[in-house]
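Subject: Structure handover

Hi,

Here is the structure I promised to pass on. My notes follow below it.

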Amino acid sequence: MQKKLTITVDETVYRGLYERVGAGRISRFIEDLVRPHVLPRALDDAYAAMARDEDREAEALEWSEGLLQDPEDDAR
């Protein structure tokens with residue numbers, strides 16, 4: 001879940017962000033910079049390890065695809 005955050009920066013900083021990063025990418029840029037300073041490194045490492053586990057990812061995909069099935073199809 002995402003949360004909206006309002007921050008205040010100097011106008012020159014904003015222009016620099018806008019020119020260098022792009023209007024639609026500022027939030028992600030700031031989040032990527034801040035994340036290592038506010039989240040435990042172990043959490044990022046755990047997510048990366050889970051993503052590398054091909055068997056787990058295949059099982060998760062199969063499970064999530066199963067959620068998309070129409071229950072009406074099972075009755076047939």
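First, a term: a salt bridge is a side-chain nitrogen of Lys or Arg within 4 Å of a carboxyl oxygen of Asp or Glu. The side chains of Arg28 and Asp32 meet that definition, at 3.1 Å from N to O.

Some ground rules. This is a predicted model, where local features need pLDDT of at least 70, side-chain atom pairs count only at pLDDT 80 or more, and totals for chains, interfaces and linings use all residues. Residues are numbered from 1 along each chain as its sequence is written, and side-chain values use heavy atoms, with hydrogens and water left out.

Overall shape

The protein has 5 helices and 0 strands. Helices (H or I, at least four residues) and strands (E, at least two) are DSSP runs, numbered from the N terminus. The order along the sequence is α-α-α-α-α. The radius of gyration is 20 Å, well over the 11 Å that the globule rule gives for 76 residues, so the protein is more spread out than a compact globule. That radius is taken over C-alpha atoms, and the rule is 2.2 Å times the number of residues to the power 0.38. The C-alpha trace spans about 65 × 30 × 20 Å along its principal axes.

Buried residues make up 7% of the 76 residues. Buried means under 20% relative accessible area, exposed over 50%, and partly exposed in between (1.4 Å probe, protein chains only). The protein exposes about 7,500 Å², and carbon and sulfur atoms supply 53% of it. Those areas come from the Shrake-Rupley method with a 1.4 Å probe; for residues, only the protein chains shown count as cover.

Salt bridges

The structure holds 4 salt bridges.

- Arg28 and Asp32 sit 4 residues apart in helix H2 (residues 26-38), so about one helical turn separates them. Arg28 is exposed at 54%, while Asp32 is partly exposed at 40%.
- Arg35 and Glu31 pair at 2.6 Å, N to O. They too are 4 residues apart in helix H2, about one helical turn. Arg35 is partly exposed at 30%, and Glu31 is partly exposed at 33%.
- Arg15 bridges to Glu11, with the closest N and O atoms 3.6 Å apart. These two are 4 residues apart in helix H1 (residues 11-20), again about one helical turn. Arg15 is partly exposed at 41%, but Glu11 is exposed at 56%.

Charge

There are 11 positive and 18 negative side chains, and the centres of the two sets lie 11 Å apart. Lys and Arg count as positive, Asp and Glu as negative; His and the chain ends are not counted. Each charge is placed at NZ of Lys, CZ of Arg, CG of Asp or CD of Glu.

Surface patches

Patches are made of residues with over 30% relative accessible area and no salt bridge; like charges are joined within 9 Å, and nonpolar side chains (Val, Leu, Ile, Met, Phe, Trp, Tyr) within 5 Å.

Asp53, Glu54, Asp55, Glu59 and Glu62 form a negative patch. Glu62 lies in helix H4 (residues 54-67) and is exposed at 62%.

Phe29, Leu33, Val34, Val38, Leu39, Leu43, Tyr47 and Met50 form a nonpolar patch, with about 690 Å² of accessible area together. H2 and helix H3 (41-52) each give two or more residues to that patch. H2 supplies the largest share, 4 residues. Val34 is in helix H2 and is partly exposed at 40%.

Best wishes
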